[in-house]
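This report describes one protein model for a reader who has not seen it before. It begins with a single residue and then widens to the whole chain.

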Amino acid sequence: MINTYLDDPISTELDPRGSQLKINLTNAYAGSIAWSNFFSRLTHSHPGRVVWLVFNVAIALLLAVARQESKFISGATSRAGAAGLMQVMPETGAEIATELGDTGFPVNGTTAQKQAYLKDPNVSLRYGSHYLDKMLRRYDGDLDAALVAYNGGGSIRWIIQFFSPPRPVANSA
């Protein structure tokens with residue numbers, strides 16, 4: 001269940017159970033109508049509002065992650081060493097650079113050089129969205145698991161901690 005909050009367009013607060021990222025779908029839907037109207041006027045075709053709704057929810061999700069990870073501060077560096085808007089770790093950045101074919105990433109550089117590269121907002125958003133997509137594919141579209149994995153570096157330990165399967169109930173016969 002995704003909760004909506006009309007007073008906060010990109011709410012990233014966790015619910016009391018700590019497992020639900022809240023995104024304002026009302027604003028995403030309103031944005032989908034605006035994009036749909038703009039596109040149909042420009043091209044004289046109409047792909048449907050669902051396309052724009054998905055597009056806006058994806059943007060809202062990326063903005064929610066950026067807000068939660070860095071408070072939209074592009075030069076942010078965490079205590080663990082993650083850098084940029086999307087708080088990508090330098091080692092993860094090297095892996096993503098290889099996957100994307102980004103020859104500009106200082107793969108053999110120092111940690112400081114890698115962090116400096118990741119602080120570029122364009123790089124951070126591209127790398128963060130690629131990594132989030134990778135986690136979504138790894139966990140079969142489970143948004144909660146993908147977000148936990150994104151935050152934990154893809155570690156299965158985090159997934160087990162937050163998403164362990166329920167224990168079977170013994171039959172009392």
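Predicted model: local features only at pLDDT ≥ 70, side-chain atom pairs only at ≥ 80, totals over all residues.

Asp102 is placed in the loop between H3 and H4.

What does the side chain of Asp102 make a polar contact with? The partner is the side chain of Tyr117, at 2.7 Å. Leaving aside residues up to four places away in sequence, Asp102 touches Ala97, Tyr117, Arg126 and Tyr127. One of these, Ala97, is among the buried residues of helix H3.

## Helix H3

Helix H3 covers residues 90-100. Which of its residues are buried? They are Pro90, Thr92, Gly93, Ala94, Ile96 and Ala97. An α-helix has 3.6 residues a turn, so residues three or four places apart point the same way.

Just after H3 comes Gly101, which takes a positive phi of about 75°.

Helix H2 spans residues 49-70 and includes Leu63. With a relative accessible area of 33%, Leu63 is partly exposed, because that class lies between the buried limit of 20% and the exposed limit of 50%. Leu63 also belongs to a nonpolar surface patch of about 320 Å², which it makes together with Phe55, Ile59 and Phe72.

Arg67 is placed in helix H2 as well. Its relative accessibility is 27%, and Arg67 counts as partly exposed. Along the chain, Arg67 and Leu85 are 18 residues apart, and their C-alpha atoms are separated by 7.8 Å.

## The protein as a whole

How many helices and strands does the protein have? There are seven helices and zero strands. Read from the N terminus on, the elements run α-α-α-α-α-α-α.

The protein has 173 residues, of which 36% count as buried. Among contacts between residues at least 6 apart in sequence, 39% join residues at least 24 apart.

Technical notes:
Residues numbered from 1 in each chain as written. Heavy atoms only, no water. Patch = residues over 30% accessible without salt bridge, like charges linked within 9 Å, V, L, I, M, F, W, Y side chains within 5 Å. Areas by Shrake-Rupley, 256 points an atom, 1.4 Å probe, with all protein chains shown as cover. Salt bridge = Lys/Arg side-chain N within 4 Å of Asp/Glu carboxyl O. Helix = DSSP H or I, 4+ residues; strand = E, 2+ residues; numbered from the N terminus. Buried < 20%, exposed > 50% of the residue type's maximum accessible area, 1.4 Å probe, protein only. Polar contact = N/O pair within 3.5 Å; in protein donor to acceptor, adjacent residues only side chain to side chain. Contact = heavy atoms within 4.5 Å.
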